[in-house]
Structure formats: structure tokens, C-alpha cells
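Take a moment with the sequence and the model below. Then read on with the structure in view.

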Amino acid sequence: MLKAAAGIGILMGSEYLVAYVMFSMRRNPMIFNGVYTCISSLLAIVILLIFSRIEGFVFNRKKSNLIRFRKANAKEVFTGILVALALLMFVTVYMIFARWVSSFEQVVEQAVERYDQSMEVYVPDVIYPKWDQVLYAFSLTFLVPVAEEFTFRGVVYGAINRRLNGAWSIALSSIVFGIL
């Protein structure tokens, strides 16, 4: 469990470190959101890969890799894309339904409004650099998911799977991901 906590600490710590450095350089991470997201995700990916390679030597003097790579065949790639699109469609239909219900129910309307406010990254009166917006979209599309996969499917699942069977490992790592 210590290894799983270390993986989560690396992911969260890289965000705090980049925010601290940006603030100390007088650069607001909320205005340069793309730079912040990109650098913190890349930093987390690099540190997680290093941690995955050295954790066996540190904890039990054995060679191990919590993050393992294997080639995916065309069927797996196609299936992954279909599943991602299906989940995107599910979320879209859910949000359309929630907005429709919010026209009848005030509690749902308040929840949808709170969700909308939490999703607002950009403040209307501030001018954001276009290049930073493109970098932010790239980071959210590619780098953040890779960092999360390395953390939760690699380090957290890998560490839990060494102690418990596959089904429990999947369930516990999913619960930890959901909580965070």
C-alpha cells in the first residue's frame, strides 16, 4: 500500500510543485493553464516511470516494473476507441437528460449550475494566449490520461495486485481512482 500511496503522491506532488514554481516566477497557473497542465503531467509521467523501475530495489532489493508495456494489436486499439466513444456518448446523453430534468426540478437545476461553474476554466474578462489554450487541450487529451493511467493502472493497481488477486486489485484501484 505504501507503493500505491507513493504513486498517488507523485501525481499530486508534481502538480503542487509546478504550481509553486509558476507562482514563484510570477506566472499564474490559472492563466497559463496549458503550460501548468502540460509540465505537471510530463513531470508526473517521468517520475512515475523512474519510480516504477527503482521501487523493487528500494523496497525489497529485487528488480521489478510496476508499469509494464506491451504492444496492442489492431483489435484492442479499435475496441478501446469504440469504448471511449461509447462512454463519451453516454456522458453526453446523461448531461442532456440532466439539463432537461433541470427545467422541471430546482434541485437538479442547482446541481447542473454547480457542475457548469466547476467546469469553467477560463474567466470571461481575462485574455488567455491562444497557444496556451491549444497546449491545454493537447494536455487534457493526451498527457493527463497517460499520467493517470501510469498512476492508477500502473503503480496503484500493480502494487495492490502483488498482495491481492486481480478482481480485488481492479476494484480497489478503481475505488481509489474514483475517490481522487
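Predicted model: local features only at pLDDT ≥ 70, side-chain atom pairs only at ≥ 80, totals over all residues.

Residues are numbered from 1 along each chain as its sequence is written, and side-chain values use heavy atoms, with hydrogens and water left out.

Start with two helices. Helices here are DSSP runs (H or I, at least four residues), numbered from the N terminus. Two packed helices are described by the angle between their axes and the distance between the axes. Axes are lines fitted to C-alpha atoms over the stretch in contact, and angles run from 0 to 180 degrees between N-to-C directions. Helix α1 spans residues 2-24 and helix α5 spans residues 130-161. They pack at an angle of about 165°, with axes 8 Å apart. α1 and α5 are therefore roughly antiparallel to each other, a label for angles over 145 degrees.

Which residues of α1 and α5 meet? From α1 come Lys3, Ala4, Gly7, Ile8 and Leu11. From α5 come Ala147, Thr151, Phe152, Val155, Val156 and Ala159. Contact means heavy atoms within 4.5 Å. By class, the contact of α1 with α5 has 8 nonpolar, 2 polar and 1 charged residues. Ala, Val, Leu, Ile, Met, Phe, Trp, Tyr, Cys and Pro count as nonpolar, Asp, Glu, Lys and Arg as charged, and the others, Gly among them, as polar.

Now look inside. A nonpolar core is a set of buried Ala, Val, Leu, Ile, Met, Phe, Trp, Tyr and Cys residues joined through side-chain atoms within 4.5 Å. The largest one has 19 residues, and Leu48, Val155 and Val156 touch the most other members. α1, α2 and α5 each supply at least two residues of this core. The largest share, 8 residues, comes from α5. Apart from this core lies another, of 5 residues, including Val18 and Met22.

Finally, compare two residues. Is Asn33 buried or exposed? Asn33, in helix α2 (residues 33-60), has 6% relative accessibility and so counts as buried, meaning under 20% relative accessible area (1.4 Å probe, protein chains only). Leaving aside neighbours within four places in sequence, Asn33 is in contact with Val121, Asp132 and Tyr136. Arg26 lies in the loop between α1 and α2. At 74% relative accessibility, Arg26 counts as exposed, which is over 50%. Arg26 also has a positive phi of about 65° although it is not a glycine. Most residues other than glycine have a negative phi.

Definitions and conventions:
Parallel < 35°, antiparallel > 145°, perpendicular 65-115°, else oblique.
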